Amino acid sequence: MQPRNATVAVIGAGDYIGAEIAKKFAAEGFTVFAGRRNGEKLAPLVAEIEAAGGKIVARSLDARKEDEVTAFLNDADAHAPLEVTIFNVGANVNFPILETTDRVFRKVWEMACWAGFVSGRESARLMLARGQGKIFFTGATASLRGGSGFAAFASAKFGLRAVAQSMARELMPKNIHVAHLIIDSGVDTAWVRERREQMFGKDALANPDLLMPPAAVAGAYWQLYQQPKSAWTFEMEIRPYGEKW
């Protein structure tokens with residue numbers, strides 16, 4: 001592992017995708033600033049990365065709070081130049097439209113859209129000052145089409161995609177690579193497995209290749225990071241080979 005004088009900020013460093021992103025970039029020599037609600041849950045990730053010789057700073061972070069996001073990114077940049085921000089906040093909920101309360105809709109929008117806007121804007125503020133950087137956003141199937149019961153989630157993900165696209169058109173000519181990664185698949189997590197089994201029975205888990213491994217998502221982000229500026233991707237879609245689309 002060759003240490004780099006650079007940080008990557010992972011906003012939404014959960015137990016699956018976020019953790020794998022953190023491990024991948026730490027293994028490539030970055031200092032990882034990992035933020036999530038209930039930051040004490042990051043302890044196992046910190047232990048794993050440090051045991052492998054990597055560097056990580058773990059913080060409690062509510063991405064819906066502008067002051068917390070700004071402080072988190074400023075701290076990362078003060079530690080070493082902020083080279084990459086990956087916004088990976090979830091907020092996937094499913095409610096019939098008549099059961100989608102004002103509170104649910106607003107909370108999902110704040111988590112998946114508003115928080116992404118603030119994270120992107122404040123990252124751009126720091127990166128533009130040195131004329132380079134990368135800002136990546138995690139999208140979903142719901143970024144492209146709304147599904148039954150997903151009015152709140154899809155509207156927020158649609159909005160996040162629009163924020164990312166607008167930022168890309170403005171910032172890429174200024175040497176800031178903005179990309180939106182669409183995960184068109186269920187991700188292999190305990191929650192997804194439990195939900196699929198409840199909805200479709202145990203046979204729904206018979207083919208593990210129909211779920212997206214979190215490490216594969218981290219690999220896709222690493223591919224985006226490595227792209228030369230002569231061939232930047234704005235939007236990448238990834239899905240298991242058996243996923244219908």
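1. Two strands are taken to pair if DSSP finds at least two bridges between them. On that basis, in this predicted model, strand 1 and strand 4 are joined by 5 bridges and run parallel. Within that pairing, T7 has L82 of strand 4 as its bridge partner.

2. Strand 1 also pairs with strand 2 (residues 31-36), again over 5 bridges and in the parallel sense. Here V8 is bridged to V32 of strand 2.

3. Is strand 1 buried or exposed? Of its 5 residues, 5 are buried, so the strand is largely enclosed by the rest of the structure. The side chains of T7, A9 and I11 point one way, whereas those of V8 and V10 point the other way. In a regular strand the side chains alternate between the two faces of the sheet.

4. The largest nonpolar core comprises 36 residues, and the members that touch the most others are I11, L73, F87, I135, F137 and V178. Two or more residues each come from strand 1 (7-11), helix 3 (66-79), strand 4 (82-87), helix 4 (102-128), strand 5 (133-140), helix 5 (151-171) and strand 6 (176-183). The greatest contribution is that of helix 4, with 10 residues. Apart from this core lies another, of 35 residues, which includes A6, F25, I49 and W222. In soluble globular proteins, nonpolar side chains tend to be buried together.

5. Leaving aside residues up to four places away in sequence, I135 touches T85, G120, S123, A124, M127, M167, L171, I176, H177, V178 and A179.

6. The geometry of helix 5 can be checked against its length. At 1.5 Å a residue, its 21 residues should span 30 Å, and the end C-alpha atoms are 30 Å apart, which agrees. The buried residues of helix 5 include A152, F153, L160, V163, M167 and L171. Its buried residues pack against strand 4, helix 4, strand 5 and strand 6.

7. M167 belongs to helix 5. Because its relative accessible area is 12%, M167 counts as buried, the cut-off being under 20%. Beyond residues up to four places away in sequence, M167 touches G120, R121, I135, F137, M172 and V178. M167 and A124 lie 43 residues apart in sequence, with a C-alpha to C-alpha separation of 9.0 Å in space.

Technical notes. Residues numbered from 1 in each chain as written. Predicted model: local features only at pLDDT ≥ 70, side-chain atom pairs only at ≥ 80, totals over all residues. Heavy atoms only, no water. Core = buried A, V, L, I, M, F, W, Y, C linked by side-chain atoms within 4.5 Å. Buried < 20%, exposed > 50% of the residue type's maximum accessible area, 1.4 Å probe, protein only. Helix = DSSP H or I, 4+ residues; strand = E, 2+ residues; numbered from the N terminus. Contact = heavy atoms within 4.5 Å. Expected span 1.5 Å × (residues − 1).
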